[in-house]
Amino acid sequence: MDSSGDEVAAGAGAGAAGTKKKPPVAAKGKAAGKGKAAGSKASASAKESSLLKQKSPAEFFAENKNIAGFDNPGKSLYTTMRELVENALDSAESISELPDIEITIEEITKSKFNTMIGLVDRERVDEALYDDFESEKAREKRLAKEARFQETQAKNAALGKKVKEAPAVRGKGRGEAAFFKVTCKDNGRGMPHDDIPNMLGRVLSGTKYGLRQTRGKFGLGAKMALIWSKMSTGLPIEIRSSMKGQTYVSFCRLDIDIHKNVPHVHLHEKRENKTHWHGAEIQVIIEGNWTTHRSKILHYMRQMAVITPYAQFLFRFLSDAADKSLTIKFARRTDVMPPVPLQTKHHPSAVDLLLIKRLIAETTKQNLLQFLQHEFVNISKSHAERLIGEMGPDFSPKMTVKSLTSQQLVRIHQLFRQAKFDDPSGNCLSPAGEYNLRLGIIKELHPDMVATHASSPQVFEGHPFIVEAGISIGGKDVKQGINVFRFANRIPLLFEQGADVITRTAAKRINWNSYKINQHQDKIGVFVSIVSTKIPFKGTGKEYIGDDITEISSAVKSALKQCCLQLKSKIVKKLQARERQDRKRNLNRYIPDVARAIMETLVEVADESPPKRPRYDKEDEELLEKINSQEVTEMTFKDCLTQHVEQVDYEMALDYAMQSGVSEEPREAIYLSSLEGSYKFVDFQSPVFVFRFIP
């Protein structure tokens with residue numbers, strides 16, 4: 001075994017000695033194999049890394065347009081109009097200018113649209129290629145069905161039965177696309193010339209970010225309309241803008257590079273401002289559907305006129321068909337505007353770890369004590385010192401806030417969640433006001449009676465909110481039953497009504513009968529407006545407020561109950577007044593019969609022979625003498641009884657008024673035009689009137 005082992009070893013050695021160049025070749029081959037494996041791993045890794053892609057914000061919203069309310073052409077037309085109107089309101093209110101807004105939706109036919117983009121119309125060559133093609137067999141089947149229907153209707157007409165209208169024939173296809181030019185013009189702040197491209201052509205960039213009450217839901221505004229325009233028509237939007245005091249009007253035509261989320265400017269220039277106009281005018285051409293969302297658009301405008309009676313809206317729909325065109329003007333009813341919402345600081349109980357890190361990165365304060373005092377609300381110097389002492393020995397008031405470790409930040413966050421803080425005030429909020437809400441309801445609905453109530457500021461999850469409510473009875477264009485009008489940060493909410501806290505509260509948590517209101521027969525308008533620095537919307541479309549926040553649902557219920565109590569008092573007074581009128585009417589009905597009976601009785605007594613003993617006192621004898629002399633007649637008794645009924649009715653009404661503390665019926669609200677010219681004034685507001693003091 002040893003010899004064989006030696007031979008093998010010797011052979012191996014001889015082989016190695018005889019072929020000196022082979023081992024390096026083998027080694028090289030082995031090394032090459034390793035290199036090949038390493039190269040394949042690198043290429044696989046590169047291939048995997050190439051699978052990772054990024055999307056710009058514009059690309060994300062373009063692919064998920066339903067999140068922003070662009071579910072279909074009809075909803076897209078509605079959302080585009082709504083976004084432009086709300087931007088216009090914000091712009092005018094930011095400079096305390098009474099909003100004057102013009103909205104125009106112009107229908108563009110397919111042939112006109114093709115002419116605009118330089119496309120020549122072509123007639124169909126292969127009819128069967130189209131989705132709305134009807135085969136011969138399907139046509140025969142449809143005609144046979146129509147013939148049977150007409151035959152049945154003829155028989156019903158002969159028998160005197162009700163004749164139904166022929167059902168509308170609907171094609172199988174999706175139909176031709178409809179295009180609309182949407183234009184919104186306002187008298188607001190306008191936009192700086194150099195900022196226009198980024199303000200409208202870059203998604204998630206704007207002036208409304210920060211902790212404040214805002215109308216926007218996503219910070220998209222007209223940008224999403226631009227994206228939808230690019231997706232549906234490929235046409236750019238046009239903007240005209242001028243700020244106060246500018247001698248020029250900025251004109252910009254642009255679209256958006258969706259993949260890069262940057263504006264693509266076609267034309268950007270300054271033009272002469274001959275009329276000294278200030279504001280903005282945005283024009284966009286999109287695909288839409290006016291037929292399906294006409295009622296929603298008009299309903300939105302009507303509700304916006306209710307919640308903003310200090311604004312004037314001119315809405316126009318233009319079409320080649322004259323019967324489809326319409327113009328509606330929602331006139332201004334008051335010049336009392338809500339204050340501009342103020343930006344506020346974060347409440348400690350409402351912040352998360354990420355927000356704390358961002359505040360530290362942006363703060364200009366050097367130490368922890370100053371940071372706590374100035375970056376959060378309701379933390380005084382003494383309170384901040386107590387909080388720092390509670391954080392532990394690793395913290396001190398003078399420590400640099402930028403030097404805090406991740407563990408220390410977690411400790412601050414945990415303490416914020418557990419510590420007790422005063423609730424934030426509602427000074428930063430800007431509700432519509434009871435006065436404006438009442439005026440808006442009266443202006444648009446013309447109800448028989450209305451009641452309003454505004455709650456004091458309340459808090460949920462560290463965010464202040466105010467609930468304003470109004471309930472109306474009767475009015476024009478109001479259906480029987482409960483009609484709910486919902487507002488969040490002074491914008492109407494029209495979709496997904498059934499799951500909303502306002503709808504559920506009005507339908508299930510208010511006992512209407514106990515307030516003398518019939519929820520099935522009376523025309524009831526329920527108006528609730530919620531304003532907050534954070535509206536707890538539910539769902540991707542942010543169209544309703546959830547019913548899972550106890551503080552909000554309780555505040556809504558309380559506000560509606562207060563309105564119901566006011567209405568109950570008015571309804572009771574109305575019922576009592578009606579009872580008095582009925583009683584007075586009934587008494588007046590019997591006055592002629594009673595007067596005749598009294599007269600006949602007294603005539604009989606007067607005609608009797610004089611008694612031996614006096615039976616009547618002196619006054620009765622004088623009355624009988626007047627009867628005989630016809631000085632007192634039946635008409636005399638009628639007049640006396642009528643005066644007595646009037647006196648009793650007046651005394652009962654006066655007695656009721658003294659008990660209830662009301663001396664007269666409420667008078668109808670009037671609107672007085674403001675004085676011309678500019679002047680300083682101070683408003684003293686009440687739920688039902690505003691007293692303006694002009695020094």
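Predicted model: local features only at pLDDT ≥ 70, side-chain atom pairs only at ≥ 80, totals over all residues.
Two strands pair if DSSP finds at least two bridges between them. Helices (H or I, at least four residues) and strands (E, at least two) are DSSP runs, numbered from the N terminus. Seven bridges join β1 to strand β2, residues 178–185, and the two run antiparallel.

Residues are numbered from 1 along each chain as its sequence is written, and side-chain values use heavy atoms, with hydrogens and water left out.

E102 has L314 of β7 as its bridge partner. E106 has K181 of β2 as its bridge partner. In a regular strand the side chains alternate between the two faces of the sheet.

E106 and K181 also meet through their side chains. They form a salt bridge, with the closest N and O atoms 4.0 Å apart. The term covers a side-chain nitrogen of Lys or Arg within 4 Å of a carboxyl oxygen of Asp or Glu. This pair links distant parts of the chain, since E106 is in β1 and K181 is in β2, 75 residues apart. Is E106 buried, exposed or partly exposed? Buried means under 20% relative accessible area, exposed over 50%, and partly exposed in between (1.4 Å probe, protein chains only). E106 has 25% relative accessibility, so it counts as partly exposed. K181 is partly exposed too, at 22%.

The structure holds 25 salt bridges. Another one joins K230 and D255, with the closest N and O atoms 3.6 Å apart. K230 lies in helix α8 and D255 in strand β4, so the pair ties together parts that are 25 residues apart in sequence. K230 is partly exposed at 31%, whereas D255 is buried at 7%.

D500 and R486 meet in a salt bridge of 3.0 Å, N to O. D500 lies in the loop between β13 (491–493) and α15, and R486 in strand β12 (residues 481–488), so this pair ties together parts 14 residues apart in sequence. D500 is buried, with a relative accessible area of 0%. R486 is buried as well, at 0%. Elsewhere, salt bridges that share partners join R82, E83, E86 and E543 into one network.

Now turn to the rings. Rings of Phe, Tyr and Trp (its six-membered ring) pair if their centres lie within 6.5 Å; planes under 30 degrees apart count as stacked, over 60 as edge-to-face and the rest as tilted. By this rule the model has 13 aromatic pairs. One of them is F70 with W228, a tilted pair at 6.4 Å centre to centre and 50° between the planes. F70 sits in the loop between α3 (57–63) and α4 (73–93), while W228 is in helix α8 (residues 222–232), 158 residues away. F70 is buried at 0%. W228 is buried at 7%.

Which kind of pair do W290 and F315 make? Their ring centres are 6.3 Å apart and their planes meet at 15°, so the pair is stacked. W290 lies in helix α9 (residues 290–307) and F315 in β7, so parts 25 residues apart in sequence are tied together. W290 is buried at 4%, and F315 is buried at 0%. F180, W290, F315 and F317 form one aromatic cluster.

Rings also meet charges. A charge sits over a ring if NZ of Lys or CZ of Arg is within 6 Å of the ring centre and within 35 degrees of the ring normal. K270 lies over the face of Y248, 4.5 Å from the ring centre. The charged end of R271 sits over the ring of F251, 3.9 Å from its centre.

Last come two backbone features. Most residues other than glycine have a negative phi, and most peptide bonds are trans. N261 has a positive phi, near 55°. N261 is in the loop between β4 (248–257) and β5 (262–272), and it is buried at 8%. K516 also has a positive phi, near 65°. K516 is in the loop between α15 (501–508) and β14 (523–532), and it is partly exposed at 48%.
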